[in-house]
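Me: I have a structure open and would like to learn how to read it. Could you take me through it step by step?

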Amino acid sequence: MMGVPLDGPTSVYCDNEFVTKNASIPESTLSKKHNAICYHKVRESVADGWIQIGWIKSESNLADLFTKVLNRVRRQELLKHMLTRWSG
């Protein structure tokens, strides 16, 4: 992808169980058309083995650093967790 070789499926972690269920289970129904359109590509990618969807607790979701306004303490906790994971 984009010139970077991939060894396997990309892991996508969500802290919302509804999103995890609807993206992973093709039989689940979506009530709103715009949701159905968005999830179609994700479901297709899961079925093709390009991505795998998993659930993660909100407290451990590192994406919150980039998607939410956090207080200083919460931001430092997530940064510490992220730096610990990357340093080995």
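Predicted model: local features only at pLDDT ≥ 70, side-chain atom pairs only at ≥ 80, totals over all residues.

Me: Where is confidence lowest and where is it highest in the chain?

Reply: Look at pLDDT, the predictor's confidence in each residue, from 0 to 100. The chain averages 82, and 90% of the residues score at least 70. Confidence is lowest in helix 2 (residues 33-48), with a mean of 78, and highest in strand 2 (residues 51-55), at 90.

Me: How many helices and strands does the chain have?

Reply: Helices (H or I, at least four residues) and strands (E, at least two) are DSSP runs, numbered from the N terminus. Here there are 4 helices and 2 strands, and along the sequence they follow the pattern β-α-α-β-α-α.

Me: Is D64 buried or exposed?

Reply: Buried means under 20% relative accessible area, exposed over 50%, and partly exposed in between (1.4 Å probe, protein chains only). D64, in helix 3 (residues 64-67), has a relative accessible area of 6%, so D64 is buried. Of the chain's 88 residues, 24% count as buried.

Me: Which residues is D64 in contact with, beyond its neighbours within four places in sequence?

Reply: Contact means heavy atoms within 4.5 Å. Leaving those neighbours aside, D64 touches D15, S58, L70, R74 and L78. Across the chain, 45% of contacts between residues at least 6 apart in sequence join residues at least 24 apart.

Me: What does T10 contact, again leaving aside neighbours within four places?

Reply: T10 lies in strand 1 and is in contact with W50, I51 and Q52, with those neighbours left out. The C-alpha atoms of T10 and G49 are 8.7 Å apart, although 39 residues separate the two along the chain. T10 counts as partly exposed because its relative accessibility is 35%.

Me: Which residues make the nonpolar surface patch?

Reply: Like charges are joined within 9 Å, and nonpolar side chains (Val, Leu, Ile, Met, Phe, Trp, Tyr) within 5 Å. In this chain V4, L6 and W50 make a nonpolar patch of about 320 Å². L6 sits in the segment before strand 1 (10-14), and L6 is partly exposed at 40% relative accessibility.

Notes. Residues numbered from 1 in each chain as written. Heavy atoms only, no water. Patch = residues over 30% accessible without salt bridge, like charges linked within 9 Å, V, L, I, M, F, W, Y side chains within 5 Å. Areas by Shrake-Rupley, 256 points an atom, 1.4 Å probe, with all protein chains shown as cover. Salt bridge = Lys/Arg side-chain N within 4 Å of Asp/Glu carboxyl O.
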